[in-house]
Amino acid sequence: MTSNSPRPGTQAAKISVQAVTKTFSLGRQTFTALDQVSLDIADNEFVTVVGPSGCGKSTLLNILAGLEEPTEGRAIVDGTPVSGPGPERGVIFQQYALFPWLTVRKNVEFGLRTARVPRAQRRERAEYFIRMVGLEDFADALPKMLSGGMRQRCAIARAYAVNPSILLMDEPFGALDALTRVKLQEQLLDTWSKEQRTVMFITHDVDEAVFLANRVVVMAARPGRIYDVIDVDLPYPRSEEFRLSPEFAALRNRVWHSVYHQDGTTPSSPPSPSLTTA
Amino acid sequence: MAVITEPAAHTGRDNRLASSQTRRGRPRGLPLALNAVSIALGIGVWWALAALGVKVPQPTEVVSRAWDLLADGTLENDILVSLGRVLAGFVLGTAAAIPIGFLMGWYGVVRGLVEPWIQFFRTIPPLAIIPLAIVLMGIDEAPKIFVIFLAAFLACVISTFQGVVSVDRTLINAARVLGTRDAGIFARVVVPASTPFILVGMRVGLGSAWATLVAAELIAAQQGLGYRMQNAQLYYDLPTIFVGLISIGILGLLMDRVLLVAERRLTGWQERR
């Protein structure tokens, strides 16, 4: 069942995580957040990472973002080892991280100003991505006036605006209600189909992981490691029909088992969805 | 002038959209009316006390004394002198406090070097510095402005430092992943994020600057509101003391209002509970 590196070290991989180990010291104890994790992600692939809390999935994302350094091993993006953050790797945080003193438009323009894009061009690009996420009526609103879903859409537009080739999303819909989450998942796939990027999407929601991904990476905790990789060989665009299809249900059950029964104590029958709480 | 800070008025420049309507919902006139009633009641109580024989001057006596002092130019001059001292000390104090607070928050080395001195001086009331300042600097403007400077500086430097330290880590990361480097993060994230703290520090600093001013003038001055009251005390001149007190109160309140307006304009983006 365990296959650590599903598509081993091809040079063509967009993202290549090579034997990354990350340890933290908590007082006198050493805590292994990631233990020898290897993973390749192809160009324009949509990979979701799901696992119990403490499995190091956010640490893995932060290492790729350049916000944390691996203790051992290395993360390679476009053939170059990651050393620090960069605009080619957009990050979307669970807490939105919008600049509260800037309007939606100025938030989206933030990275463009950093890149010294001329004013007119900046406006135009921001306008395009604000429209893409459907916030054109709120372009001059401050974040405090937006709902959670709108804030996250603004953060997605901000990440897209600097034209990253990779999007790293850290439980972006985790703080939203179920209805908004479903809507944003569909919008995200819609956006992704128009503006193809390589996506690594962290989540703790099995449905979300299967619905979005080309490939679901299941992680295990203590120490954090890749436990299973499940291909989702089903075509996009995906909509409600897909969500309710038997193929989706079958995959969902597989991922569910992989996430919730990692000790090898596999139950005789798959858990019923109505009984489950994630 | 509304003395109560009504949350209904907390609408910044850009709040044209969405939820701003619900916030505006409360009637604005009510707090103002309540303020007016409260002030009228206060004066009424004062009048009653004076009429009952408590040793305070009648409000009319105070008003006519204020009129006399205005007519011969004493009050205007005292106000100008006192305001000048407060503003000089306050401006110098905040001008020094803001950069030092930022440096302390941003560089651990600066913090380590400066913090013990600030913590030490903070435990000494600025008034306790006055004797030393007078001995070292004479009885001119210098010692008075210096203690006011110290009071404003200490209040403002601590809150600026707190502001920088408490900038949300996620916001800094968000700027970093958009390609922003240290200088840009400082100017475009740390400065705006700590503005609310700085403005609170300035308001506190202004309050302690006023408090210090009067005490400084009580001890060594030839003009100013504090001096005028001290002088009146020698002659048992209660109306003049009241004129001084009320002037100080009104001036302090006006200056605080100015800062409050600045605060609302600059920090209207904050989510308030």
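## Confidence

This is a predicted model. Chain A has a mean pLDDT of 88. In that chain, 90% of the residues reach 70 or more. Among the elements of chain A, strand β3 (residues 46–50) has the highest mean pLDDT, at 96. Helix α7 (residues 240–243) of chain A has the lowest, at 88.

Two stretches of chain A call for caution. Over residues 1–11 of chain A, the pLDDT is below 50. Beyond near neighbours in sequence, that stretch makes 15 contacts in the model. Residues 265–278 of chain A also have a pLDDT below 50. Here the model shows 10 contacts beyond near neighbours in sequence.

## Make-up of chain A

Chain A contains eight helices and 10 strands. Of its 278 residues, 46% are buried. Consider the contacts in chain A with a separation of 6 or more: 71% of them link residues 24 or more positions apart.

## The four-stranded sheet

Four strands of chain A form an open sheet in the order β2-β1-β4-β5, with antiparallel pairing. Its edge strands are β2 (29–41) and β5 (80–81) of chain A. Each of these edge strands pairs on one side only.

Strand β1 (residues 15–26) of chain A pairs with β4(A) over five bridges, in the antiparallel sense. A:V17 stands opposite A:A75 of β4(A). On to the next pair: strand β4 (residues 72–77) of chain A is joined to β5(A) by two bridges, and the two run antiparallel. A:I76 has A:P81, in β5(A), as its bridge partner. The hairpin of β4(A) and β5(A) has two residues between the strands. In this hairpin, A:D78 takes a positive phi near 55°.

## Helix α1 of chain A

Helix α1 (residues 57–65) of chain A is largely enclosed by the rest of the structure, because eight of its nine residues are buried. The buried residues of α1(A) are A:K57, A:T59, A:L60, A:L61, A:N62, A:I63, A:L64 and A:A65. Just after α1(A), A:G66 takes a positive phi of about 85°.

## The nonpolar core

The largest nonpolar core holds 136 residues. A:L64, A:C154, A:A157, A:M200, A:V255, B:I148 and B:A152 have the most contacts inside it. Of these, A:L64 is also one of the buried residues of α1(A). Helix α7 (residues 141–165) of chain B gives this core its largest share, 16 residues.

Leaving out residues up to four places away in sequence, B:A152 touches B:G89, B:F90, B:G93, B:T94, B:G205, B:L206, B:S208 and B:A209.

## Where the chains meet

How many residues of chain A are in contact with chain B? There are 26, and they meet 19 residues of chain B. Two elements of chain A give two or more residues to this side: β6 (89–92) and α2 (104–114). By type, the residues on the chain A side divide into 17 nonpolar, six polar and three charged.

## An exposed alanine in chain B

B:A48 lies in helix α2 (residues 29–51) of chain B. Is B:A48 buried or exposed? B:A48 has 10 C-beta neighbours inside 10 Å, so this alanine counts as exposed; the cut-off for exposed is 12 or fewer. The C-alpha atoms of B:A48 and B:R176 are separated by 65 Å. Along the chain, B:A48 and B:R176 are 128 residues apart.

Key: Residues are numbered from 1 along each chain as its sequence is written. Chains are lettered from A and ligands numbered from 1 in the order in which they are written. This is a predicted model: local features need pLDDT of at least 70, side-chain atom pairs count only at pLDDT 80 or more; totals for chains, interfaces and linings use all residues. Two residues are in contact if their C-beta atoms, placed from the backbone, lie within 7 Å. Ala, Val, Leu, Ile, Met, Phe, Trp, Tyr, Cys and Pro count as nonpolar, Asp, Glu, Lys and Arg as charged, and the others, Gly among them, as polar. pLDDT is the predictor's confidence in each residue, from 0 to 100. A residue is buried if 20 or more other C-beta atoms lie within 10 Å of its own, exposed if 12 or fewer, and partly exposed in between; C-beta atoms are placed from the backbone. Two strands pair if DSSP finds at least two bridges between them. A nonpolar core is a set of buried Ala, Val, Leu, Ile, Met, Phe, Trp, Tyr and Cys residues joined through C-beta atoms within 7 Å.
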